[in-house]
Every structure is written in C-alpha cells, then in structure tokens.
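Hi there,

Here is the structure I promised to pass on to you. Have a look at it first, and then read my notes below.

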Amino acid sequence: MSAAEYVPTGADIATLREAASRCRGCELWEPATQVVFGAGNPRAPLMLVGEQPGDVEDQRGLPFVGPAGQLLQRALAEAAIATEDVYVTNAVKHFRFTLKGKRRIHATPLVSHIKACGPWLDAELSEVDPELVVLLGATAAKALLGNDFRITRDRGRLIEADVAGATRRLLATAHPSAVLRATDGPDRAKAYAELVTDLRTAASLAAG
Ligand code: URA
Ligand code: SF4
C-alpha cells in the first residue's frame with residue numbers, strides 16, 4: 001500500500017491537492033466522502049500536522065473544521081499565531097471510521113495507513129518547507145519521527161530530524177482531541193493551557 005504512484009513530483013500544493021482526490025494508495029478512500037488535503041498558506045512558517053480528518057472534515061473536505069479544529073483555532077489565537085502564518089494538514093488524508101448503527105465512529109489509522117499516506121505528507125513538507133513543523137499527537141509524531149517517540153516525554157521542545165529529504169525543525173504537542181477528551185474541569189483546563197504553551201513555544205521557534 002502506497003500513495004507514491006499518485007503523487008506528482010515537484011508539484012505545488014494546489015496540484016497536489018487535486019491529484020490526491022484520485023489517490024487509491026490504501027483502502028481508506030472507498031468508504032470516505034472525499035479526500036481532505038492540507039489547507040492554509042502554502043508559504044507559511046508553521047506547518048501543523050494532525051492525525052486524520054474527522055466526521056465533519058470528511059463532509060466538508062477541509063482539515064480541522066470540526067470540534068477539535070475549533071479548539072485548535074482558539075488555542076492558536078490565544079498563542080497569538082495568525083491564520084495566515086499556518087498551513088494545516090494530516091498524516092492520513094481520508095477519514096477512517098467504523099459504523100455504529102448510522103453513526104460513523106473515528107477509528108485510529110494503522111501504521112500501514114500512515115506509511116501508505118506518507119508520500120503526500122512528504123510532498124507537502126518539501127513544498128511548504130516551513131520554519132517549524134508542529135506535530136499534533138502521536139499519529140503525526142509516528143508518521144515523521146517513528147514509533148519510539150513519546151509525546152508525554154518529548155513534547156514542547158525543539159527536535160531536529162531528517163524528514164522528507166531535509167533536516168527539519170519540529171515540535172510535538174498533544175492532539176486537540178486529547179484536550180477535548182480530558183474530563184471537563186481542571187483536567188481539561190490544564191491540558192488546554194499546556195497546548196497553548198507549546199504553541200507559543202512553536203511560534204517563537206518559527207520566528208527565531
Ligand atoms: N483531527 C485531526 O487530526 N485532523 C483533523 O483534520 C480533524 C480532527
Ligand atoms: Fe491515498 Fe492517503 Fe487516502 Fe490512503 S488515506 S487513499 S494513501 S490519500
């Protein structure tokens with residue numbers, strides 16, 4: 001399973017996005033409504049990488065527009081990061097879910113899906129070539145840094161690694177969905193504050 005044969009080489013983001021709508025690099029395209037490619041400024045200093053589109057993203061064709069996305073937008077604003085300074089995408093470009101009656105329940109993508117979809121993420125990294133990559137949660141971290149990476153241990157600090165053909169600067173933090181899953185009250189407030197702190201660090205690393 002690989003998206004490689006569907007990814008045009010040296011293409012700009014608009015061309016990549018268009019090509020991704022025809023990707024059959026793994027089986028996830030079939031039950032999904034549509035591909036959800038990255039969005040935002042293709043010259044942004046910050047590139048944010050999530051896991052995969054959710055139910056709302058699958059229907060609208062845009063990343064981070066559902067509940068987790070709204071929390072992320074709020075956290076970005078609080079960290080004084082402007083929308084035009086960000087390009088957002090996901091490690092996996094189609095929504096993976098299981099059916100529970102008529103409801104579509106998020107299912108974490110497998111390593112095989114992350115690997116199959118990797119050529120799209122690599123192409124986005126090469127093309128956007130951001131000052132800093134922000135990894136939102138374990139799936140994004142796995143996609144670019146491998147299986148041994150632990151968010152809880154290594155979040156919030158600068159990491160340098162060879163990814164997508166260059167030495168890149170990255171920073172990992174929690175996924176906004178993990179903040180939403182934290183129990184309402186002090187736990188969630190703390191998880192949210194930690195996300196904002198990491199985004200502030202990311203902003204200063206991208207600027208400096
Ligand atoms: N969660 C993600 O990881 N990505 C999205 O686009 C939406 C929710
Ligand atoms: Fe292609 Fe990625 Fe969709 Fe799989 S999830 S079909 S590799 S775009």
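**Around ligand 2**

Please keep in mind that this is a predicted model. Let's begin with ligand 2: the residues around it are Ala 3, Cys 23, Gly 25, Cys 26, Trp 29, Val 92, Lys 93, His 94, Ala 116, Cys 117 and Trp 120. By class, this shell divides into eight nonpolar residues, two polar ones and one charged one. And where in the protein is ligand 2? The space that it takes is the largest cavity.

**Around ligand 1**

Now turn to ligand 1, which sits in the largest pocket.

- An oxygen atom of ligand 1 lies 2.8 Å from a polar backbone atom of Glu 51.
- A nitrogen atom of ligand 1 is 3.0 Å from a polar backbone atom of Gln 52.
- An oxygen atom of ligand 1 is 2.9 Å from a backbone N or O atom of Phe 64.

How much of ligand 1 does the protein cover? On its own, ligand 1 has 230 Å² of accessible area, and the protein covers 94% of that.

**The whole chain**

Finally, zoom out. The chain has eight helices and eight strands. Its radius of gyration is 16 Å, close to the 17 Å that the globule rule gives for 208 residues, so the chain is as compact as a globular protein of that length. Along its principal axes, the C-alpha trace spans about 45 × 40 × 30 Å.

Enjoy exploring, and write back with any questions!

Best wishes

Methods: Residues numbered from 1 in each chain as written. Chains lettered and ligands numbered in written order. Predicted model: local features only at pLDDT ≥ 70, side-chain atom pairs only at ≥ 80, totals over all residues. Heavy atoms only, no water. Polar contact = N/O pair within 3.5 Å; in protein donor to acceptor, adjacent residues only side chain to side chain. Areas by Shrake-Rupley, 256 points an atom, 1.4 Å probe, with all protein chains shown as cover. 1 Å grid on protein atoms, 1.4 Å probe; cavity = no way out; pocket = protein on both sides within 12 Å on 5 of 7 lines; lining within 4 Å. Sits in = over half its atoms within 2 Å of the grid points. Helix = DSSP H or I, 4+ residues; strand = E, 2+ residues; numbered from the N terminus. Rg over C-alpha atoms; globule rule 2.2 N^0.38 Å. Near = heavy atom within 4 Å. Nonpolar A, V, L, I, M, F, W, Y, C, P; charged D, E, K, R; others polar.
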